[in-house]
Amino acid sequence: MRNVMSNKFVIALYVLPALFLVLVLIYIPIVLTGYYGLMDWDGVGKMKFIGLENYIDLIHDPYFWASTWHSILLALFSVFSLLGYLLISLVLASKIKGANLFRKIYLIPMLLSSVAIAQLWSKVFDPNNGMINSILSALGFENLPLWLADPNIALYAIFIPIVWQYAGFYIIIIYAALINVPDELIEAAKIDGANTLHIAFRIKVPLISGVLKVLVILAVVGSLKYFDLIYVMTGGGPNHASEVIASYMYTEAFGKYNFGYGSAIGFGLLIISMTATWLIQKMLHTKVD
């Protein structure tokens, strides 16, 4: 078996199927997206080569930069939400009573589709019969906000269901990392007089810093390409107030049948995501490692 696995031809046979899938599913679509961005194309008719015109228009497009800023805000909000997920996971990992029940409750949003969550929260934010405005009205508040129709608050209102949707995913990963911290270290710290906070933030959190670093990257990249819930709840409105890069790309490509420009937006999203990932790795390498 060792002779077989050291044979370069056999190794190539094992690697080639995976390499083929990576090329077909990832790298070739990336190249094609960049190529289509050089075209004036409605998605059906003949493509017309226009060079860098779409990319130049993209640089001067205020809606693209506004949607980019909204995606960055969502990414920052998601990263700060990790602190909340970490605190919840620390409490759950401390073996409190009912921890199993709480873990199941946090996992419920993961069982729902984005469309179902969007419909649910659209009802919650309903200005006339929604739960939030009903509570505010019962408390005596007047001039109740139009959550999803007000350009000043629509984007921030949408952040709430997004954080709720992914809470279970992040909590279960952090919790799994925390319960794998050796009990011997915890017991030794207690003997040395460490209290609960010292054990949590000077022993457990540093030991799972690698997991947290990966979650930061997942949160940022996932936020930059986030699409479905926002599109169902507001369609990027009102007046592009909740538009993110992915929803703007969808609107241009499939709403206006401008696939060339939509491809240019998609290629811009790729560059922004790769740049953000590189910056985060640099920052976390310096501060954590």
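Trp121 is buried in this predicted model, at 14% relative accessibility. Its aromatic partner is Trp164, and the pair is edge-to-face. Trp121 sits in helix α6 and Trp164 in helix α8, so the pair ties together parts that are 43 residues apart in sequence. Across the whole structure, a search finds 18 aromatic pairs.

**The Trp121–Trp164 pair**

- The ring centres of Trp121 and Trp164 are 5.8 Å apart, with 65° between the planes.
- The pair counts as edge-to-face because that label applies to planes over 60 degrees apart.
- Trp121 belongs to α6, which spans residues 114-124.
- Trp164 belongs to α8, which spans residues 154-179.

**Packing of α6 and α8**

- Two packed helices are described by the angle between their axes and the distance between the axes.
- The axes of α6 and α8 come within 11 Å and cross at roughly 135°.
- That angle makes α6 oblique to α8.
- The crossing of α6 and α8 is right-handed.
- On the α6 side, the contact is made by Ser114, Ile117, Leu120 and Trp121.
- On the α8 side, Ile160, Pro161, Trp164 and Gln165 take part.
- By class, the contact of α6 with α8 has six nonpolar residues, two polar residues and no charged residues.

**The aromatic cluster and the Tyr36–Trp41 pair**

- One aromatic cluster is formed by Tyr35, Tyr36, Trp41, Phe227, Tyr231, Tyr250, Phe254 and Phe259.
- A pair of aromatic rings is described by the distance of the centres and the angle of the planes.
- Tyr36 and Trp41 form a tilted pair, 5.2 Å centre to centre, with 40° between the planes.
- Tyr36 is partly exposed, at 25% relative accessibility.
- Trp41 is buried, with a relative accessible area of 18%.
- Trp41 counts as buried because the cut-off is under 20% relative accessible area.

**Ser89 in α4**

- Ser89 lies in helix α4, residues 62-93.
- How much relative accessible area does Ser89 have? The value is 0%, so Ser89 is buried.
- Which residues does Ser89 contact, leaving aside its neighbours within four places in sequence? They are Ile171, Ile174, Tyr175 and Leu178.

How values were computed: Residues are numbered from 1 along each chain as its sequence is written. This is a predicted model: local features need pLDDT of at least 70, side-chain atom pairs count only at pLDDT 80 or more; totals for chains, interfaces and linings use all residues. Side-chain values use heavy atoms; hydrogens and water are left out. Rings of Phe, Tyr and Trp (its six-membered ring) pair if their centres lie within 6.5 Å; planes under 30 degrees apart count as stacked, over 60 as edge-to-face and the rest as tilted. Buried means under 20% relative accessible area, exposed over 50%, partly exposed in between (1.4 Å probe, protein chains only). Helices (H or I, at least four residues) and strands (E, at least two) are DSSP runs, numbered from the N terminus. Axes are lines fitted to C-alpha atoms, for helices over the stretch in contact, and angles run from 0 to 180 degrees between N-to-C directions. Angles under 35 degrees count as roughly parallel, over 145 as roughly antiparallel, 65 to 115 as roughly perpendicular and the rest as oblique. A crossing is left-handed if the near helix is turned anticlockwise from the far one by less than a right angle, and right-handed if clockwise. Contact means heavy atoms within 4.5 Å. Ala, Val, Leu, Ile, Met, Phe, Trp, Tyr, Cys and Pro count as nonpolar, Asp, Glu, Lys and Arg as charged, and the others, Gly among them, as polar.
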